[in-house]
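Visitor: Could you pick one part of this model and go through it closely, step by step?

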Amino acid sequence: MAVMCLTLTSCKEHFSDGERVGTVTKFSKAGVFWDSWDGLLNVTQTGMNSSGEPFVFSMDNDRNDQQKLIDTLIKAQVEGWKVKIKYHQVWGIKNVFNNRGESDYFVDDVIVLDKNFSKIGDIVKGSSKSTPHDTLYVKIVE
């Protein structure tokens, strides 16, 4: 009983707080018992895509004020916007049955950083030159 009481009381709502920058590659509503909005963020660094694992996040089903965030994330996925997601991570039994979302990382805020991020190949009007972008040169030394 003492271990169970200690486990129940030691669960934290905000185990960690943070933010990630990238493009939303998946954002959908799904669930068997509890519907939740869950997504994947392709994390970027200095304007380029990273090769790491995507960041998995959820919208907290316990919040009532999330429709604006959901609309922004849907638009960001469709349009290819670069966004900053501010989140908190829960720990312990706060989401043990996935009743709040599929992941333990819940979105607190979404900030749109670049609405033209996916339009890298667009041509400048009236010119045959393409727009300048970050370029990565790799020199392989053997």
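Guide: Gly 80 follows helix 2, and its phi is positive, near 80°. Helices (H or I, at least four residues) and strands (E, at least two) are DSSP runs numbered from the N terminus. The model is predicted, so local features need pLDDT of at least 70 and side-chain atom pairs pLDDT 80 or more, while totals for chains, interfaces and linings use all residues. Residues are numbered from 1 along each chain as its sequence is written, and side-chain values use heavy atoms, without hydrogens and water.

Helix 2 covers residues 67–79, which is 13 residues. At 1.5 Å a residue (times one less than the number of residues), helix 2 should span 18 Å, and its end C-alpha atoms are 18 Å apart, which agrees. Within helix 2, Leu 69, Ile 70, Leu 73 and Ala 76 are buried (under 20% relative accessible area; exposed is over 50%, partly exposed in between; 1.4 Å probe, protein chains only). These four cover an arc of only 130° around the axis, so they sit on the same side of helix 2; the arc is taken from the directions from the axis to the C-beta atoms. Lys 68 and Val 78 are exposed, on the face of helix 2 turned away from its buried side.
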